[in-house]
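Reader: I have a new structure to read. Where do I begin?
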Amino acid sequence: MKFRVFLIVLLHTFLLTAQTTELPIKSATVLPLEVLEDESLEKTLIDEVNKNALWKKLISSNLLSIGLVDMSNSDDIKYAGINDDTMMYAASLPKIAVLLAAMDAIEKGELAYTDEIKKDLRLMISKSNNQASTRMIDRLGYEKIEEVLRAPKHKLYDEKAGGGLWVGKRYAAGGKRYPEPLKGLSHAATTLKVSSFYYQLAMGNLLSDESCREMLDIMKDPALHHKFVNTLDRIAPNATLYRKSGSWKNFHSDSILVWGPNRKYILVALVDNNLGEKIIRNLVEPIENVLKKSRSL
């Protein structure tokens, strides 16, 4: 009897572990994230966030933007956003666009995947190293990054949708600017397009399965433990985190794919406020309440 119980526990543990390592998800059809917008989830999100007076004020002033993708059921993925087409300066968060452009170039034979480049990609994402990021931008060029972001398959930058992800400046003092056309920002994002990046990555839709797995590996287990990660370290220590954040002056951003036995979701936030780091850190638990109300985590 004890051996039978042991086998059941072992099988349960194996299944939970498998649940956290099945990325990218295999799906014949990957719908645009906008198509998956869910009114009920969005209403619950708005109601929950508006309980905080400061957050409500920032939202009404277009200074706080949120994107949320509930991936707890891969056959019924739901999306909700607040000010999600409001493009803001996003500091280091758009380095994910450099990662995507680099992997695209590697797939197409335009860039060799050397140990040096692999190291720079990890430094750029995990530690947000500006020198490594600048080296990658110089290797790729702004036009290549733009081409990948505008690709019809991804539409990660689209004027008709409020803009999106953009990298138009080296992460260094020198060098020319290559600003995006809507607002003239050099490092830009909307929560809709960043959510779409993570969603397409999780679904294996950005590039080949092999490249998506490599990107996920690079983004996994971030070295910086602030903002979203600060809270998730405490409330979800067994979840696997794929993440990129950014901060500059009053501009704070964070983006994360949370993948664990009890929670599967994407969360993105952009804030223009001097309390932005704290705001983003404190968003996680209310967002998890939203997901619990929408459906069981």
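Predicted model: local features only at pLDDT ≥ 70, side-chain atom pairs only at ≥ 80, totals over all residues.

Reader: Is H8 largely enclosed or left open by the rest of the structure?

Author: Check burial, meaning under 20% relative accessible area. In H8, 12 of the 12 residues are buried, so the helix is largely enclosed by the rest of the structure. Among them are Lys-193, Phe-197, Tyr-198 and Gln-200. Just after H8, Gly-204 takes a positive phi of about 70°.

Reader: How do I read a sheet?

Author: Strands of a sheet pair through backbone hydrogen bonds, either parallel or antiparallel. Here the order is E2-E1-E10-E9-E8, an open sheet of 5 strands with antiparallel pairing.

Reader: Which strands stand at the edges?

Author: Strand E2 (78-82) and strand E8 (240-248) do. Each has a single partner strand, so one side of each is left without a neighbour in the sheet. On average, neighbouring strands are turned by 5° against each other, direction ignored.

Reader: How many bridges join E1 to E2?

Author: There are 5, and the two strands run antiparallel. Asp-70 stands opposite Lys-78 in E2.

Reader: Which helices pack on the sheet?

Author: Helix H8 (residues 191-202) does, touching E1, E2, E8, E9 and E10. The direction of H8 makes about 155° with that of E10. Helix H11 (residues 276-294) also packs there, touching E1, E2, E9 and E10. For H11, the angle with the direction of E10 is about 145°.

Notes
Residues numbered from 1 in each chain as written. Heavy atoms only, no water. Pairing = 2+ DSSP bridges. Helix = DSSP H or I, 4+ residues; strand = E, 2+ residues; numbered from the N terminus. Axes fitted to C-alpha atoms, helices over the stretch in contact; angles between N-to-C directions. Contact = heavy atoms within 4.5 Å. Buried < 20%, exposed > 50% of the residue type's maximum accessible area, 1.4 Å probe, protein only.
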